[in-house]
Structures are given as C-alpha cells and as structure tokens.
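Here is a report on a two-chain model. Look over the sequence and structure first, then read on.

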Number of protein chains: 2
Amino acid sequence: MSVKVGVNGYGTIGRRVADAILAQDDMSLTGVVKRSPDYIALYAAKQGINIYAPDSGSAEKFDRAGIKISGVLEDLLSKVDVIVDATPGGVGATYKPLYERYGVKQIYQGGEKPEVAEASFSTLCNYEESIGRKSLRVVSCNTTGLLRLICTLRRHFKVEKVRAVLIRRAADPREIKKGPINSINLNPVQLPSHHARDVNTVVPDVNIVTAAVVVPTTLMHVHQVTLVFKEPVRRDDVIAVLDDAPRIVLINSKRTGIKSTAQLIESARDVRRRNDIPELVVFEDSIGVEGNEVMLFQAVHQESIVVPENIDAIRALAGLARTADETIRKTDTSLGLYRRFWLER
Amino acid sequence: MSVKVGVNGYGTIGRRVADAILAQDDMSLTGVVKRSPDYIALYAAKQGINIYAPDSGSAEKFDRAGIKISGVLEDLLSKVDVIVDATPGGVGATYKPLYERYGVKQIYQGGEKPEVAEASFSTLCNYEESIGRKSLRVVSCNTTGLLRLICTLRRHFKVEKVRAVLIRRAADPREIKKGPINSINLNPVQLPSHHARDVNTVVPDVNIVTAAVVVPTTLMHVHQVTLVFKEPVRRDDVIAVLDDAPRIVLINSKRTGIKSTAQLIESARDVRRRNDIPELVVFEDSIGVEGNEVMLFQAVHQESIVVPENIDAIRALAGLARTADETIRKTDTSLGLYRRFWLER
C-alpha cells in the first residue's frame, strides 16, 4: 500500500519534506504546490517532481517562465490521500476549508494555531494517540527540540518543571529581508514565550516556562534548558538516556572542538545535503547536575528538525505504522539520521 | 581634600572613567596613559587631559604624531594617590608590581583575576567593607549587572538561588576585528560560566549558576534571570523595590515600544553622550512571578555600566565617603544617572 501525498508550499520546510517523502517506501509524492517559477521551482523540476500552481493566475507565470506544471492545487488535492501544508505561518488555516472539501487528511506546521488540527504532534510524545486522526499539526522547530528532550527524559525520570531560554536565529539563510542585524530582540518581552504553551499542546501536564530572544544569525537556534526533577538524578544516567535516544545526538565540545552553531553547521556541510541537522544536538559537556536540577545547552536546526516528524505524521494519519518505534525506525533509516555525532560514529 | 587619580589605559572603559572623574568635586584627574597617538588620543588632547605614554618608546610615537604628552606612566604614578587600571584584561596584573613600588592605591577591572586586588567590588553589595583598602577590583559589566539586581533584591527578600542565562554582545562598537558574524557561540560550553564565580567574589553566599552565549551584536548584553526566593513574593513588591533602587531603571515595553537593545540604545542616543547607559535596565513587563520564582530580562551596556562603580571604588580607597548611599548620591548626580527611564521621568 502506498499513500499518496501532496505538499502545498515549497519553501524551507516543503522542499525538505518533499525530498523526505521521496525517500520512503510506503508513501509516494504526487506533487508539490509552488507559487513562483524561481530558482527553487527549477530545483523541483530538475528532481522530476510534479509541480502544481496554487491557481490559474500563478499557472500562467510558470508558462511564461517555461517551467512545465501538472495543474493547480485543486488538481493535486483530487489525487492525494494526505496534504502536507507547508505554506507560511497562518496561511495554512485559510486553506483548510478547501482541503476538507476534497476530503484529504491534513498536516499543518507549527506556524498555525493549534486549533487548525485535531491535535498537535511530536513523534516521541504522542505518535500512538495520533494514529487515524484526520489532521495533525507538527509543532515548530523550537518546540520539537524541547519536546524531544522532555519526552525522552520523562520516560526515565519524573520531571517537575522545565525552564528554558531560547536564543533564536533571526532568519533562515535564504531570507534576505529579515533582521535584526545588530540587536538582541526580546521576543516577546513578557514571559512566557509561546513555546511553553506550544509544548503544552502536546504534553499538557508539563510545568514549563520559556523565554526567547532573537539574535543576528541564520544558522541554528540554541536553547539553555533547566529541568527540575522530583528527585535527585545522576549526570551519568541522564547522559546514558540521551545517548540511547533516537533523534538526539550528544556532542562533546572537548573531543570535537565544536562550541558554536557555526562549527556545528560546518561539520554537517561535509556530510549532509544543505548541511541539514534533523537531529536535536545536545552538548554533552554542558550537562550540569545540581541536586534535582539538570542544566544543558542544545542546538536546533530550524530548517530541518521537523522533517522526520512530518513523515511520522503522514504515517499516523494513514495508519502506516502502529508504534512510534516503528515509524522512527523507518523514517530515520531512510533519511540517514544519526544516533551518534556524524563524525565520531 | 582632592584625591589625585590617574587612569592607565584609555580605551572603552578608561575614557569613560576619565570623563567621570572630571565630573567629580572630590577628586581630580592628573592624567591618562595612552599607548598610541590615534583618534582616541586626539579626543583626550581636545579635552585638555594630560596624556602620558606607557614608556619612552611609545613617547616618541606621540612626538612624531605631534601630540603633546606630559611624560610616561612612571611620571604619572609619582604624582597620584590612586591609579585606575583600565588596560586590557590580564594586563593589569603585570603592572601591579610597578604600582606597588610607587605606593599608589589601585583599582583594577573585571578582566583581571580576583587575586589581583584585596577584594572584588560592587557598590550596592560591599561599599562599606571596601573603605580604606589598598586595592579593589571592579567586577565586569555582566557581573555588575547581576550584582546590582541581586544585592538590591537581597535587601528585601530572602534569595535562595539565582539562575541566569547571559546573551552576550560579541564585540564593542569600535572593535573591528572580533566576531562572530553568524554564529551563536557557547561561551563556555561547560556550566557554569565564570560570571557565577565572579558574583561569588563579591557575595560568596549566593547560590548562583550562569550560562553564557556570545551572539553577533555590539550594543548590549541581555540577561534572562530567574531568582528563587525562600518564600513566595508578590510581583508588585518586586517592582516597587526595583523602581526605588538606584542604578536600576525599569522600562515598560508596552508603554515605550522598546523591545530590543537596538531601540534602547537609540533612545539613549538622543540624551546621552556616546549613547551610554550606565544604569541596569530591567524590562518591567518581563517580570514574571510564579510562587517563589521571579523571572525577568535585563540589559547591560557593557561600555558604561562599570563607570559609576569605578568612581565609587576611588572613594572607597581614599575614604571619601562613609556609606554606599553617600557615594551613590555624589556619583549618580554628577554623572546624570536616572532613577526612571530617561524619556518618561
């Protein structure tokens, strides 16, 4: 059985999800919807991916640019079982009535409000409960990073509360009109930032406060996380749990010399297309334990961390895998995710 | 009685401390030591400040540049009661034997190791105990910011522990060779950063852990601070204490529209030479209280925050003021420090 999937929106996330679908053996990519016939559309064409325009107006632009398209969004919707909405934040909700009219199952991204879908989703937290849903919202990159950590540790320790400071990248590498270029923006000033609420859309019972700033960089987010447990924990036990977990890679800065997002991305440039790092990176030697408190730094690659969760969400909607372990095994093998630092395995 | 003061090093801090000394009525600026006859030396000359070269080799460079000097460092040391060392971090300690030989009292900056001086110093924490010392070390900008907050709140509440994440500016505006320009550097990866230890050089009994990252900006540092008190506190009480405290200015982002270091500095450009902000800025609407926990954002202007404390340190060494309140009143009036946001008083 092969589930037919379309991707609406072919930007940072859509492009990567489309490529990831192509790497699966239990789903097929029927096509992608792209608004403008630009260099990114040329990449899709070169890949042999069927391109659809959002509407007939946009379709003419593709004709003029000499890029062949297979129809418009509604044509795509009539052919697929699942649509992955990867349009800009807030736009996905405006498409929902159309998706419903065509009776397709829907996956939205974290830029949408939680109400857009039946449930918010993160594989390590709630895969099994999400099987057979009609729509899911894959939470954003920062929330995915926090949830991978929290849900992994919750399996072994009793988490009392989580306090996290998010130092966010200002723009993605391809975004040429965003800033700041010389400022630290409190985003927002008032605590908590929306990330805490977003974590609670998936795990409502976690006491979490997040604070976020935006800084002039494009590569990755960095989180400083403090987890307070109900009882004292041993540093070695925390490290063992994280080391054994899927989608989390421990990096030791003393062994590798990696102490920054720039060096981390540089290491990925050698081995990964687009220097993607879909794994959550936890700095092993940043892990400090003081009684019940565990403190650490982690880095989140905003462009790619949600890609595995999107693939898992397709499996959940279509009932393609019965357990989180099963979809994780399939997704992570097909996408080449690492369990150990890519240059030290 | 007027205490004669020299300043060794005329960079970011030395220039500001020299100007601040000129604004006092109980001390006089005998001269400053400058290494190169550059645009910053021209500013000193234009101010009518006596310039000294570090040694006869450097003196010749000033001759060739046509900038008049009054002698070399040792000439200055033979004339002053107190020397403020504002040389680059770690260099101050190498001058200590020379300072001692001339029997002058010494003030060092936070870039030196604590052992360089008899005690580390922060006015709101330990002015009275510092009176009559032979040498003091004014802690760094980040530590000064943390200590102003902690020592202000300690007077009214029982602080159990402090957890702070420091998002540090990468370079000062005039530094043209430092980075990063596109990275978040964990600085250091291992917790705690040195700031926690530095806070403990002044207040040894505070349980504090700090984590620090460096980001591509030049304007200010931002701290996200969590203080845990021994008993629940009311948000209004915390705000009242901070509002009433010297050297701390509360800014409400909703009223002022200031949500970033760029906007904060822009507001200071209108009213302050060099856009200096020697006050610690606490974002009022960032203050969140949850039981015993108080969380907030604060901003630290790395170039100027330690200037008032340097002036107070001179008074402590020379016994010019009996209490912290007395020196704060003199320093803050002469330097035009605000108790409320400068555009809202």
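Val202(B) has 25 C-beta neighbours inside 10 Å, so Val202(B) counts as buried. A residue is called buried if 20 or more other C-beta atoms lie within 10 Å of its own, exposed if 12 or fewer, and partly exposed in between, with C-beta atoms placed from the backbone. This is a predicted model, in which local features need pLDDT of at least 70, side-chain atom pairs count only at pLDDT 80 or more, and totals for chains, interfaces and linings use all residues. Residues are numbered from 1 along each chain as its sequence is written, while chains are lettered from A and ligands numbered from 1 in the order in which they are written.

Val202(B) sits in helix H8 (residues 194-202) of chain B. Helices (H or I, at least four residues) and strands (E, at least two) are DSSP runs, numbered from the N terminus. Cys125(B) is 77 residues away from Val202(B) along the chain, yet their C-alpha atoms are separated by 7.2 Å.

Contact means C-beta atoms, placed from the backbone, within 7 Å.

| Residue | Touches |
|---|---|
| Val202(B) | Ser120(B), Phe121(B), Ser122(B), Cys125(B), Asn126(B), Val139(B), Leu147(B) |
| Val82(B) | Val3(B), Val5(B), Val104(B), Lys105(B), Ile107(B), Ile314(B), Leu317(B), Ala318(B) |

Val82(A) and Val82(B) touch the most other members of the largest nonpolar core, which has 230 residues. Such a core is a set of buried Ala, Val, Leu, Ile, Met, Phe, Trp, Tyr and Cys residues joined through C-beta atoms within 7 Å.

Helix H12 (residues 307-318) of chain B is mostly covered: twelve of its twelve residues are buried. Among them are Ile314(B), Leu317(B) and Ala318(B). Just after H12(B), Gly319(B) takes a positive phi of about 65 degrees.

Now the contact between chains. Chain B gives 36 residues and chain A gives 36 residues. On the side of chain B that touches chain A, S10(B) supplies the largest share, four residues. By class, that side has 19 nonpolar, 13 polar and four charged residues. Here Ala, Val, Leu, Ile, Met, Phe, Trp, Tyr, Cys and Pro count as nonpolar, Asp, Glu, Lys and Arg as charged, and the others, Gly among them, as polar.

How values were computed: Contact = placed C-beta atoms within 7 Å. Lists of a residue's contacts leave out its neighbours within four places in sequence.
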